[in-house]
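Subject: Structure handover

Hi,

Here is the structure I promised to pass on. Have a look at it first, and my notes on what turned up follow below.

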Amino acid sequence: MPRKLGNLWQEIASYDHLLIAWKEVKQRKSAKTNILRYESNLAVNLSKLEHKLQSNTYKPRPHFEFKIYDPKPRLIQAPHLEDRIVQHAICNAIRVPIQKKLIYQTYSCLLGRGTHKCSEQLSKYLQNERWHYYLSLDISKFFYSIDHEKLYEEVKKHIKCKKTLNLLWQFITVNNTGVGIPIGASTSQIMANLALNPLDHYAKRDLKLTTYLRYCDDILILFETSKEANSIKHLLDKKIQSLGFQLNSKSSIGFVNNGIDWVGYRHWKTHKIIRKRSLNKLRRKAKKGCNIETTMAYLSHSKHTASVNYVSKYLWNCNPSQRPEIWFWLKRHICRKTTRSTS
């Protein structure tokens with residue numbers, strides 16, 4: 001039985017750790033009114049928050065709710081400022097040890113494991129000529145469907161600190177609906193990974209799937225035959241339903257040679273490109289005049305793809321003032337790569 005995490009409370013509820021969490025919360029938001037107001041009396045405010053945590057009188061407040069459209073409508077539930085500080089403190093205490101308990105083939109919101117690493121792993125799998133089919137599974141309304149009781153049972157398998165468990169339970173159940181966790185909460189990222197942790201271990205240990213990949217609620221597996229893919233789809237569907245979820249209509253089996261749309265890229269055995277939707281978004285932002293951080297992010301996103309020349313030329317033409325930075329990036333990442341391949 002894996003060792004459970006204990007003695008977490010002082011890493012969460014002490015002044016020093018709350019101060020670290022505060023600095024993370026205020027990053028890139030230091031000009032906002034609520035941040036300035038809280039910081040004007042920071043020592044007193046954090047001391048009061050520490051006292052509430054230590055005396056078990058702290059209670060998270062209901063979240064702010066608003067919708068975003070990127071590209072489909074999503075209901076975002078944003079916590080209040082002090083709740084964000086506490087959530088960051090919790091994440092700082094449990095993120096690394098919880099990550100060690102997850103399988104290596106899950107990538108969402110984990111240190112050193114993002115979309116680029118996930119895409120790289122799929123590209124490595126595709127180098128093997130034996131894979132001809134892929135199974136893509138997508139869970140319907142994942143965050144809104146997470147069962148509180150089942151999630152809490154999974155959390156208790158990994159954490160034994162009672163005060164930390166009580167705090168996490170308050171954040172899980174803040175909407176008082178029995179299902180669903182807020183998309184805008186920091187703790188929800190870790191909780192979402194734990195919600196599908198039983199599925200990951202079932203796929204790897206029981207079904208022995210060597211090409212299993214998961215990014216949040218999106219799952220991808222490579223197979224030799226369509227018969228094998230159909231069989232595994234049926235078994236995983238049953239497991240997913242036992243966890244309280246349903247697959248949506250986007251779940252399907254496809255040919256590897258037709259390309260695999262995954263974590264923002266279209267993958268083939270020989271190359272990958274940025275998906276069309278992402279390129280359209282890039283063009284819209286570039287025409288309006290994106291800042292240098294956004295430009296660098298798009299260049300980095302295209303770095304290991306066949307789309308890099310198109311992206312760099314488009315950004316070069318749309319942002320003349322940023323051409324020195326774009327040129328330096330190309331010289332560092334593209335020209336160097338070309339030199340190595342020809343030497």
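Two strands are taken as paired if DSSP finds at least two bridges between them. Bear in mind that this is a predicted model.

With that rule, 4 strands come together as an open sheet, ordered β4-β5-β3-β6, and their pairing is antiparallel. At the edges stand β4 (213-215) and β6 (252-255); each has a single partner strand, so one side of each is left without a neighbour in the sheet. On average, and ignoring direction, neighbouring strands here are turned by 20° against each other.

Strand β3 (residues 133-138) pairs with β6 in the antiparallel sense, over 4 bridges. Y133 has F255 in β6 as its bridge partner. Something also sits on this sheet: helix α12 (residues 226-242) packs there and touches β3, β5 (218-223) and β6, with its direction at about 20° to that of β3.

Back to the aromatics: the count of aromatic pairs comes to 8. How are the rings of Y133 and F255 placed, stacked or tilted? Their centres are 5.0 Å apart and their planes make 40°, so this pair is tilted; stacked would need planes under 30 degrees apart. The two residues are 122 residues apart and link distant parts of the chain, Y133 lying in strand β3 and F255 in strand β6.

Strand β8 (residues 265-267) is joined to β9 by 3 bridges, and the two run antiparallel. In that pairing, H267 stands opposite K272 of β9.

Now the helix packing. Helix α12 turns up again, this time with helix α11 (residues 197-206): the two pack at an angle of about 155°, with axes 10 Å apart. Angles over 145 degrees count as roughly antiparallel, so that is the label for α11 and α12. Their crossing is right-handed. On the α11 side P198, L199, Y202 and A203 meet L235, L236, K239 and I240 of α12. Sorted by class, that contact has 7 nonpolar, no polar and 1 charged residues.

Helix α8 (residues 148-156) meets helix α10 (residues 186-195) at about 90°, and their axes are 9 Å apart. That makes α8 roughly perpendicular to α10. L151, E154 and V155 of α8 meet M191, L194 and A195 of α10. The contact of α8 with α10 has 5 nonpolar, no polar and 1 charged residues by class.

Last pair: helix α5 (residues 81-99) and helix α9 (residues 162-172) pack at about 130°, with axes 12 Å apart. That makes α5 oblique to α9. α5 passes α9 in a left-handed crossing. D83, V86, Q87 and I90 of α5 make the contact with L167, L168 and F171 of α9. By class, the contact between α5 and α9 has 5 nonpolar, 1 polar and 1 charged residues.

Cheers

Methods. Residues are numbered from 1 along each chain as its sequence is written. This is a predicted model: local features need pLDDT of at least 70, side-chain atom pairs count only at pLDDT 80 or more; totals for chains, interfaces and linings use all residues. Side-chain values use heavy atoms; hydrogens and water are left out. Axes are lines fitted to C-alpha atoms, for helices over the stretch in contact, and angles run from 0 to 180 degrees between N-to-C directions. Angles under 35 degrees count as roughly parallel, over 145 as roughly antiparallel, 65 to 115 as roughly perpendicular and the rest as oblique. A crossing is left-handed if the near helix is turned anticlockwise from the far one by less than a right angle, and right-handed if clockwise. Contact means heavy atoms within 4.5 Å. Ala, Val, Leu, Ile, Met, Phe, Trp, Tyr, Cys and Pro count as nonpolar, Asp, Glu, Lys and Arg as charged, and the others, Gly among them, as polar. Rings of Phe, Tyr and Trp (its six-membered ring) pair if their centres lie within 6.5 Å; planes under 30 degrees apart count as stacked, over 60 as edge-to-face and the rest as tilted.
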